[in-house]
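The following exercises are meant to be worked with the sequence and the model side by side.

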Amino acid sequence: MKAHNEKWILLLLLSLIWGSSFILIKKSLEHFNPFQVGALRVLIAGIILLPIAISKYKLFPKKHIKWLILAAITGNFIPMFLFPIAETEVSSSIAGIINSMMPICVIIVGALVWKFETTKHQIIGVCISFAGVCILAFGGGDGAKFKMIPIALLLLATLCYAISTTTVKSKLMELSSVILSSFIFSFILFFPSIIALALTGFFSEFSFSKDNMTGLLFVSLLSIFGTGLAMTMNYRLLKVSSPLFASTVTLLMPIVAIIWGILDGEKLTFLQFVGAAIIIGGLIFLRTKPAVKK
């Protein structure tokens, strides 16, 4: 398969998989509480990736253990709980839209912590998208003023993703994303996820009822496709394209999330659609290169 065709196929598949994660979280919440959903997602991913982690254990970056732990906690533990908690108050569509702010958080964290170069063009794009977030937060039709807390949790989750991403880029680039994710889920977060599940009373309350098995199905789909398979595909996408092209997935994910939400009976107000459009517009703006003055 030619690289040009492959990158577009991977982009569309990744957008579909990651964009579908938010509706899977919503469905999982019908069977488990937010903390159980988050812990199960991490644990199942750890079990699935354990064979890779064991087979590649000699590559474990002992000299960079502190950075590995930071990347694990911020990118693959805290957000796993923040998204389910937030989705008890807001729709999966809005969660998907807010998640598209991640590249903006990467720019902010990269500039402040890792001294990545930031342009005025990017700052303007950040401001445009932030205005869209404000409209999205207050544009609901039923008591939207009380929705700032879940919106803040979603923004915190995207900030955590940004911290993890910039940490990996700055300190852990010697490992492939597949091996890195297997170490993170199977070695670093495996036992914390078990402890988190135990604290929720999951093991003492769980039974093999139809309700619980249905919930496990949704969480398993979330873990297997949204974590294991998607990370492998994302690594391949970076191999056959540029980071700029690969980041385009964040523009398509909200579209998929909104479509799933509408199919599931969710509704967005006109102002929320406007806010979503402004967020995506800001992302497109900061990705474009400013015209060179002659």
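Predicted model: local features only at pLDDT ≥ 70, side-chain atom pairs only at ≥ 80, totals over all residues.

Residues are numbered from 1 along each chain as its sequence is written, and side-chain values use heavy atoms, with hydrogens and water left out.

**Exercise 1. Overall form**

Task: Determine how the radius of gyration of the protein chain relates to that of a compact globule.

Solution. Step one is the rule: the radius of gyration is taken over C-alpha atoms, and a globule is assigned 2.2 Å times the number of residues to the power 0.38. For 294 residues the rule gives a value near 19 Å, and the protein chain has 19 Å, so the two agree. Step two is the extent: the C-alpha trace spans about 65 × 50 × 40 Å along its principal axes. Step three is the secondary structure, where helices (H or I, at least four residues) and strands (E, at least two) are DSSP runs numbered from the N terminus. The protein chain has 16 helices and zero strands.

Step four is burial: buried means under 20% relative accessible area, exposed over 50%, and partly exposed in between (1.4 Å probe, protein chains only). Of the 294 residues, 51% count as buried. Step five concerns contacts, meaning heavy atoms within 4.5 Å. Among contacts between residues at least 6 apart in sequence, 90% join residues at least 24 apart.

**Exercise 2. A network of salt bridges**

Solution. A salt bridge is a side-chain nitrogen of Lys or Arg within 4 Å of a carboxyl oxygen of Asp or Glu. A search of the whole structure finds four salt bridges. One of them joins the side chains of Lys-26 and Glu-266 at 2.8 Å, N to O. Lys-26 lies in helix H2 (residues 21-28) and Glu-266 in the loop between H15 and helix H16 (270-287), so this pair ties together parts that are 240 residues apart in sequence. Glu-266 counts as buried because its relative accessibility is 12%.

Next, the side chains of Lys-27 and Asp-264 meet in a salt bridge at 2.8 Å, N to O. This pair links distant parts of the chain, with Lys-27 in helix H2 and Asp-264 in the loop between H15 and H16, 237 residues apart. Asp-264 is partly exposed, with a relative accessible area of 28%. Lys-27 also forms a salt bridge with Glu-30 (3.7 Å, N to O).

**Exercise 3. Helix H15**

Task: Is Met-253 buried or exposed, and which residues form the nonpolar patch on the surface?

Solution. Met-253 lies in helix H15. Its relative accessibility is 7%, so Met-253 counts as buried. Leaving aside neighbours within four places in sequence, Met-253 is in contact with Ser-15, Trp-18, Gly-19, Phe-22 and Asn-99. The C-alpha atoms of Met-253 and Ile-97 are separated by 7.8 Å, although the residues are 156 apart along the chain.

For the second part, patches are made of residues with over 30% relative accessible area and no salt bridge; like charges are joined within 9 Å, and nonpolar side chains (Val, Leu, Ile, Met, Phe, Trp, Tyr) within 5 Å. Accessible areas come from the Shrake-Rupley method with a 1.4 Å probe, and for residues only the protein chains shown count as cover. The patch consists of Leu-16, Ile-255, Ile-259, Trp-260 and Leu-263, with about 510 Å² of accessible area together. Helix H15 (residues 249-263) supplies its largest share, four residues. Trp-260, which lies in H15, counts as partly exposed at 36% relative accessibility.
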